[in-house]
Amino acid sequence: MVSQFIRSQRELPFTYSQTGATKEGDAPSGYYVDHNRTKLGQGTETFQKAVTALQNWKQFDLGWVSIVPSDAAIAVGVVVAVRAHTFGFWSLNACRIVYLVDDEGPVKKFGFAYGTLPDHVECGEERFTIEQHADGSVFYDIFAFSHPRQLLVKTDVPIERRLQRRFVRDSLAAMKRAARPDED
C-alpha cells in the first residue's frame with residue numbers, strides 16, 4: 001500500500017514553483033519560514049556519525065514520524081513518504097529530493113532538501129544539513145518554508161505550526177543522540 005502510494009507520486013510535479021530556494025537560505029514570500037539548528041559536538045567523528053545518521057533518515061526516526069521506505073537513498077529525484085501519527089491517525093505525505101549538499105569548505109557540509117508533492121498536507125521545501133566549521137564544531141541545521149495545502153490543515157494553522165515545532169524539537173534531539181561519540 002505505501003509503495004503504491006509512493007509510485008503514484010513519482011511523476012507528479014512539486015506543489016510549489018520555487019524548487020531549490022532553500023539552497024541559498026532563501027524563502028519565497030507567502031510561506032512560514034523555520035530555521036533551526038543545534039550543536040552536535042566537535043570533530044571529525046561527530047561529523048561522520050551525523051552524516052551517516054542523515055543518510056539513514058535518523059532525523060525522522062521519532063516514533064510518531066518516520067520515512068518510508070526507511071532505506072531510501074539520498075539522491076536527487078528519490079520519492080519518499082513521511083508517515084506521521086497525529087491525533088490517533090496515521091498519514092502519508094509525499095516528498096521528492098530536490099538537491100544534495102556536499103561542500104568541502106570553508107564550512108564542510110552534507111545534506112539534502114526535499115519538496116512537497118500533491119499528496120502532502122503542506123506545500124514547500126525543507127533542507128537538512130550537517131555542518132563542520134573550521135573550529136571543529138558540528139551542527140545539524142533544518143531550514144524550511146511551507147504553508148498549509150489541504151483544507152483541514154488550513155482551518156487550524158496553530159495546530160499545524162505546533163506539529164511542525166514538535167517535529168523540529170524531536171528531530172534535533174534524534175540527531176544529537178545519533179551523533180554522540182562512541183564511549184569506550
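Q: In this predicted model, is E131 buried or exposed?
A: The relative accessibility of E131 is 6%. A residue is classed as buried under 20% relative accessible area. E131 is therefore counted as buried.

Q: In which strand is E131 found, and to which strand is that strand joined by 8 bridges?
A: E131 belongs to strand β6. Strand β6 covers residues 122-132 and runs antiparallel to the strand to which 8 bridges join it. Within this region, Q132 in β6 has K108 standing opposite. The strand joined to β6 by the 8 bridges, covering residues 108-116, is β5.

Q: Which residues does the side chain of E131 meet in polar contacts of 2.7 Å and 3.0 Å?
A: The side chain of E131 is joined to that of R37 by a polar contact of 2.7 Å. A further polar contact, of 3.0 Å, connects the side chain of E131 with another side chain, that of H133. When residues up to four places away in sequence are not counted, E131 touches several residues, including F47, V107 and F139. The partners asked for are R37 and H133.

Q: How many residues apart are E131 and R37, which lie in distant parts of the chain?
A: E131 forms a salt bridge with R37, in which the closest N and O atoms are 2.7 Å apart. E131 sits in strand β6 and R37 in strand β1.

Q: Is R37 buried, partly exposed or exposed?
A: R37 has a relative accessible area of 36%. Buried requires a value under 20%, and exposed a value over 50%. R37 is therefore classed as partly exposed.

Q: Which parts of the chain does the salt bridge between D141 and R37 tie together?
A: The closest N and O atoms of D141 and R37 are 2.7 Å apart in this salt bridge. The two residues lie in separate strands, so the pair ties together parts that are 104 residues apart in sequence. D141 itself is counted as buried, at 0% relative accessibility. The parts tied together are strand β7, which holds D141, and strand β1, which holds R37.

Q: Which residues are linked in a network of salt bridges?
A: By the rule applied, the model has 6 salt bridges. The linked residues are R37, R127, E131 and D141.

Q: Which strands stand at the edges of the sheet?
A: The open sheet has 7 strands with antiparallel pairing, in the order β1-β7-β6-β5-β4-β3-β2. Each edge strand has a single partner strand, so one of its sides is left without a neighbour in the sheet. From one strand to the next, the twist averages 25°. The edge strands are β1 (32-42) and β2 (65-68).

Q: Which helix touches β1, β5, β6 and β7?
A: Helix α1 (residues 2-9) lies across β2, β3 and β4, running at about 55° to β4. The helix that touches β1, β5, β6 and β7 covers residues 43-55, and its direction makes about 155° with that of β6. This helix is α2.

Terms used
Residues are numbered from 1 along each chain as its sequence is written. This is a predicted model: local features need pLDDT of at least 70, side-chain atom pairs count only at pLDDT 80 or more; totals for chains, interfaces and linings use all residues. Side-chain values use heavy atoms; hydrogens and water are left out. Two strands pair if DSSP finds at least two bridges between them. Helices (H or I, at least four residues) and strands (E, at least two) are DSSP runs, numbered from the N terminus. Axes are lines fitted to C-alpha atoms, for helices over the stretch in contact, and angles run from 0 to 180 degrees between N-to-C directions. Contact means heavy atoms within 4.5 Å. A salt bridge is a side-chain nitrogen of Lys or Arg within 4 Å of a carboxyl oxygen of Asp or Glu. Buried means under 20% relative accessible area, exposed over 50%, partly exposed in between (1.4 Å probe, protein chains only). A polar contact is a pair of N or O atoms within 3.5 Å; within protein, one must be able to donate a hydrogen and the other to accept it, and residues adjacent in sequence count only if both atoms are side-chain atoms.
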